[in-house]
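Here are my notes on the structure below.

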Amino acid sequence: MNKKILIVDDEKNIRLTLKTALKNAGYEVETAVNGEDGLAQVKEDEFPVILLDMKMPGIDGIQFLQELNNKEIETKVIMITGYGSVETAVETLKLGAIDYLRKPFKPEEIIEIVEDVFKRYELENIEKEVESFEDYIILAKNAINKRNFSKAKEMLQKATSENSEKPEPFNLLGIIYEMQHKQPEAMKMYRAALALDPSYKPANDNIERAGENMGTVDIDSMNLGDEEKEE
């Protein structure tokens, strides 16, 4: 698989920041100044990953995703959202976006998210049986993003079999239960994660958020553990 990435954003500084960080990390990067430009490039070339701004003049991020779906273009889209658009990012996840990058961001965050996406590609195409704890966690996150909760739970059960002392599976189970509107079960799983590691930030974040937003389910505000190293 080629490691070509398309950045679609109308802000020049954002395009430059993303392009510089990803090129330094070894990726081949192209940029588009708006949605129309991005769609034109997608028609001419294959991009396994697209970094897509949510709010742009003309064709915005949601319309861009709809066009990709209508044309059945195979790619993985990471949304770029500002503070004011975070609450609507869940709509893009329903349209097929698999992750998001919130402004302002650090180069390390960009690289970490993109590396995770390419790792998902590798795992989706792998022929041998997956056996490591880390791989099960990535597969579980991928399944959660696709709303395939039964597969996600299966992967988390296997992850726990590999290492029952890690908090990650319980945090992700909490997220699944929240998305299924099972708040008590979700809180129980978050607390189980913290019982294993009281300093585990994603579970702490999710307990605090869930307590403040009872009845509100928004995966974009949940901490799947992708940013736990960022402090």
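What share of the contacts in the protein with a separation of 6 or more comes from residues 24 or more positions apart?

1. The share is 61%. Keep in mind that this is a predicted model. The protein has 10 helices and 5 strands. Buried residues account for 50% of its 231 residues. Its accessible surface is about 11600 Å², and carbon and sulfur atoms hold 46% of that.

2. Side chains of opposite charge can pair when their charged atoms come close. The structure contains 9 salt bridges.

3. Lysine 4 pairs with glutamate 28, with 3.6 Å between the closest N and O atoms. Lysine 4 sits in strand S1 (residues 4-8) and glutamate 28 in strand S2 (residues 28-32), so the pair links parts of the chain 24 residues apart. Lysine 4 is buried at 12% relative accessibility. Glutamate 28 is partly exposed at 43%.

4. Glutamate 154 and lysine 158 form a salt bridge at 3.5 Å, N to O. Both lie in helix H7 (residues 149-162), and because they are 4 residues apart, about one helical turn separates them. Glutamate 154 is partly exposed at 37% relative accessibility. Lysine 158 is partly exposed too, at 33%.

5. Arginine 209 meets glutamate 178 at 2.6 Å, N to O. Arginine 209 and glutamate 178 are both buried.

6. There is also a network: salt bridges with shared partners join Lys4, Glu28 and Asp45.

Key:
Residues are numbered from 1 along each chain as its sequence is written. This is a predicted model: local features need pLDDT of at least 70, side-chain atom pairs count only at pLDDT 80 or more; totals for chains, interfaces and linings use all residues. Side-chain values use heavy atoms; hydrogens and water are left out. Helices (H or I, at least four residues) and strands (E, at least two) are DSSP runs, numbered from the N terminus. Buried means under 20% relative accessible area, exposed over 50%, partly exposed in between (1.4 Å probe, protein chains only). Contact means heavy atoms within 4.5 Å. Accessible areas come from the Shrake-Rupley method with a 1.4 Å probe; for residues, only the protein chains shown count as cover. A salt bridge is a side-chain nitrogen of Lys or Arg within 4 Å of a carboxyl oxygen of Asp or Glu.
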